[in-house]
Amino acid sequence: METAGPPAAPGQPGQPGQPGPVLGLRSLSFAYQGLLEIPYEVILAQRDTLEVLDLSYNLLEESPALLGELEKLSTLILDCNSYSSHVKFPYMPSVTTVWINKNKIGNLPTFVEEIRSKFPNIKILSMMNNESAPSYFNGGSLDQYIDYRQYVISQIPSLKILDDTEVLEKERAQAKKTYRIQRTREGSKKRKELQN
């Protein structure tokens with residue numbers, strides 16, 4: 001964690017001999033802290049400058065609602081926590097990179113819809129070692145891995161990199177072709193539900 005000492009009391013500047021938080025940080029790491037809750041007080045003190053936030057290797061599972069106040073944040077790292085498919089993110093158009101490897105994401109459509117709607121400018125998404133991201137390393141077959149990639153790429157057209165692999169144009173075209181029908185069916189199903 002990049003601070004000069006304990007944070008000053010809310011609304012109070014640091015007293016001489018008791019330094020407050022260092023302001024103006026562009027990156028902040030709380031990795032390997034065993035955190036059960038996000039330390040918003042320290043994080044939000046950097047809201048005007050923070051671009052990279054690393055909360056990896058903790059015990060977090062709460063939806064990170066207040067992170068929406070970080071208007072300059074571009075990279076959010078949540079690896080090795082306890083986030084599920086039902087995590088709710090705030091709307092964060094500045095975020096272009098999300099790493100959420102090795103969590104508890106089991107429902108791919110639910111999670112991908114959340115990412116797509118809350119991070120409209122996302123370019124890099126890494127979700128390896130989650131149940132919903134099958135690969136050779138976690139018991140998935142090559143067909144499952146290809147299908148997973150095509151689904152995610154079809155739903156998040158802005159992606160340039162998925163997991164550790166660049167999204168190729170031919171892959172994007174195939175993904176669009178494969179999942180176009182499913183998206184149309186889901187859309188008409190939602191419209192019918194709204195009409196009833």
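Modeller: Let us begin with contact, which means heavy atoms within 4.5 Å. The model is predicted, so local features need pLDDT of at least 70 and side-chain atom pairs count only at pLDDT 80 or more, whereas totals for chains, interfaces and linings use all residues. Residues are numbered from 1 along each chain as its sequence is written, and side-chain values use heavy atoms, with hydrogens and water left out.

Colleague: With which residues is Leu-67 in contact, leaving aside its neighbours within four places in sequence?

Modeller: Leu-67 is in contact with Ile-38, Tyr-40, Ile-43, Leu-53, Leu-55, Leu-76, Pro-90 and Met-92, once neighbours within four places in sequence are set aside.

Colleague: Which residues touch the most other members of the largest nonpolar core?

Modeller: A nonpolar core is a set of buried Ala, Val, Leu, Ile, Met, Phe, Trp, Tyr and Cys residues joined through side-chain atoms within 4.5 Å. Buried means under 20% relative accessible area, exposed over 50%, and partly exposed in between (1.4 Å probe, protein chains only). The largest core here has 45 residues, and Ile-43, Leu-53, Leu-67 and Leu-125 touch the most other members. Two or more residues of this core come from each of α1, α2 (108–118), α3 and α4. Such helices (H or I, at least four residues), like the strands (E, at least two), are DSSP runs numbered from the N terminus.

Colleague: In what order do the strands lie in the sheet?

Modeller: Two strands pair if DSSP finds at least two bridges between them. Here 7 strands make an open sheet with mixed pairing, ordered β1-β2-β3-β4-β5-β6-β7. Its edge strands, β1 and β7 (165–166), each pair on one side only. Within the sheet, β4 (residues 97–99) and β5 (residues 124–126) pair in the parallel sense over 3 bridges. Thr-97 has Ile-124 in β5 as its bridge partner.

Colleague: How many residues does α3 have, and what span does it reach?

Modeller: The expected span of a helix is 1.5 Å times one less than its number of residues. Helix α3 has 14 residues and reaches 20 Å from its first C-alpha to its last, close to the 20 Å expected. Among the buried residues of α3 are Tyr-148, Arg-149, Gln-150 and Tyr-151. Gln-150, at 12% relative accessibility, counts as buried. Setting aside neighbours within four places in sequence, Gln-150 is in contact with Gln-174, Ala-175, Thr-178 and Tyr-179.

Colleague: How many aromatic pairs does a search of the whole structure find?

Modeller: Rings of Phe, Tyr and Trp (its six-membered ring) pair if their centres lie within 6.5 Å; planes under 30 degrees apart count as stacked, over 60 as edge-to-face and the rest as tilted. The search finds 4 aromatic pairs. One of them, Tyr-32 with Tyr-57, is stacked, at 4.4 Å centre to centre and 10° between the planes. Tyr-32 belongs to the loop between β1 (27–29) and α1 (40–44) and Tyr-57 to the loop between β2 (52–54) and β3 (75–77), so the pair ties together parts 25 residues apart in sequence. Tyr-32 is exposed, at 60% relative accessible area, whereas Tyr-57 is partly exposed, at 38%.

Colleague: Why is the pair of Tyr-151 and Tyr-179 edge-to-face?

Modeller: That pair is edge-to-face because the planes of the two rings, Tyr-151 and Tyr-179, stand at 80°, with the centres 5.1 Å apart. The pair links helix α3 (residues 142–155), which holds Tyr-151, to helix α4 (residues 169–195), which holds Tyr-179, 28 residues apart. Both Tyr-151 and Tyr-179 are buried.

Colleague: How many salt bridges are there?

Modeller: A salt bridge is a side-chain nitrogen of Lys or Arg within 4 Å of a carboxyl oxygen of Asp or Glu. The count comes to 7 salt bridges. Glu-51 and Arg-26 form one of them, with their closest N and O atoms 3.2 Å apart. Because Glu-51 lies in the loop between α1 and β2 and Arg-26 in the segment before β1, this pair ties together parts 25 residues apart in sequence. Glu-51 is partly exposed, at 26% relative accessible area, while Arg-26, at 53%, counts as exposed.

Colleague: Are Glu-171 and Arg-149 buried or exposed?

Modeller: Glu-171 and Arg-149 meet in a salt bridge of 2.6 Å, N to O. Glu-171 lies in helix α4 and Arg-149 in helix α3, so the pair ties together parts 22 residues apart in sequence. Both Glu-171 and Arg-149 are buried.
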